[in-house]
Amino acid sequence: MREGRVFVELPAAALEIFKWDEQDKTYFKITSSEQEMLAGDNLVPEPLDPETDWSHPIYFNDKLYGESVRVVSMLIALDQTPERLFVHVAETLNKRRAMMTDILLADLIPQIVLILLTSIFLLTGLKEGLKPLHLLANQIAQRSSRD
């Protein structure tokens, strides 16, 4: 707080925290109900619904600089002022997609192998189980119609 107004000062070290990730980009925006934008990137999306329930964080997907991002927005109420602060953080989806692919492949490949093995065992079991019936059918087919 400076002169009764909210002021955001982020040191360079704090900004570097957002850039440490090699796979994803992280963007943020801090806005105020009284002063508009206080810090960050002005293009970070915000929830569009004017009747948003700010009692809990809001999660949604959007686009930023042509890339899909996952955004979380939350309201921070300050005791010293009636001003309301909104923090919006957006992250690209590269890690999420890579993790989803890893999980899918880790589960999908064993499932496919299990289904193939089960199918082979079932078909072999059916073939062996029906073998006596096939033999009987062949023997009956070889008999004459008068037998």
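Tyr 27 belongs to strand 1, residues 26-32, whereas Tyr 65 sits in the loop between strand 3 and strand 4, so the pair ties together parts that are 38 residues apart in sequence. Are these two residues buried or exposed? Tyr 27 has a relative accessibility of 15% and therefore counts as buried. Tyr 65, at 48%, counts as partly exposed.

The strands on either side, residues 58-64 and residues 67-77, pair in the antiparallel sense over seven bridges. Within this pairing, Phe 60 has Val 71 of strand 4 as its bridge partner.

Five strands make up an open sheet with antiparallel pairing, in the order 2-1-5-4-3. Strand 2, residues 36-40, and strand 3 are the edge strands, each pairing on one side only. On average, neighbouring strands are turned by 25 degrees against each other, direction ignored.

What surrounds strand 1? Seven of its seven residues are buried, so the strand is largely enclosed by the rest of the structure. In a regular strand, side chains alternate between the two faces of the sheet. Here both faces are covered: Thr 26, Phe 28, Ile 30 and Ser 32 are buried on one side, and Tyr 27, Lys 29 and Thr 31 on the other. Strand 1 is joined to strand 5 by seven antiparallel bridges, and in strand 5 Ala 90 stands opposite Tyr 27. Towards strand 2 there are four bridges, again antiparallel, with Ile 30 opposite Ala 39.

Strand 5 is joined to strand 4 by nine bridges, and these two strands run antiparallel. Thr 92 is located in strand 5, residues 84-92, and Val 69 stands opposite Thr 92. With 2% relative accessibility, Thr 92 counts as buried. Its side chain makes a polar contact of 2.7 Å with the side chain of Asp 24 and reaches the backbone nitrogen of Lys 25 at 2.9 Å. Leaving aside residues up to four places away in sequence, Thr 92 touches Gln 23, Asp 24, Lys 25, Glu 67, Ser 68 and Val 69.

Finally, a word on confidence. The chain has a mean pLDDT of 87, with 96% of its residues at 70 or more. Where pLDDT is low, predicted coordinates should not be read in detail. Helix 1 contains Ala 14, which at 24% relative accessibility counts as partly exposed. The C-alpha atoms of Ala 14 and Ile 76 are separated by 19 Å, and the two residues are 62 residues apart along the chain.

Key
Residues numbered from 1 in each chain as written. Predicted model: local features only at pLDDT ≥ 70, side-chain atom pairs only at ≥ 80, totals over all residues. Heavy atoms only, no water. Pairing = 2+ DSSP bridges. pLDDT = per-residue confidence, 0-100. Buried < 20%, exposed > 50% of the residue type's maximum accessible area, 1.4 Å probe, protein only. Polar contact = N/O pair within 3.5 Å; in protein donor to acceptor, adjacent residues only side chain to side chain. Contact = heavy atoms within 4.5 Å. Axes fitted to C-alpha atoms, helices over the stretch in contact; angles between N-to-C directions.
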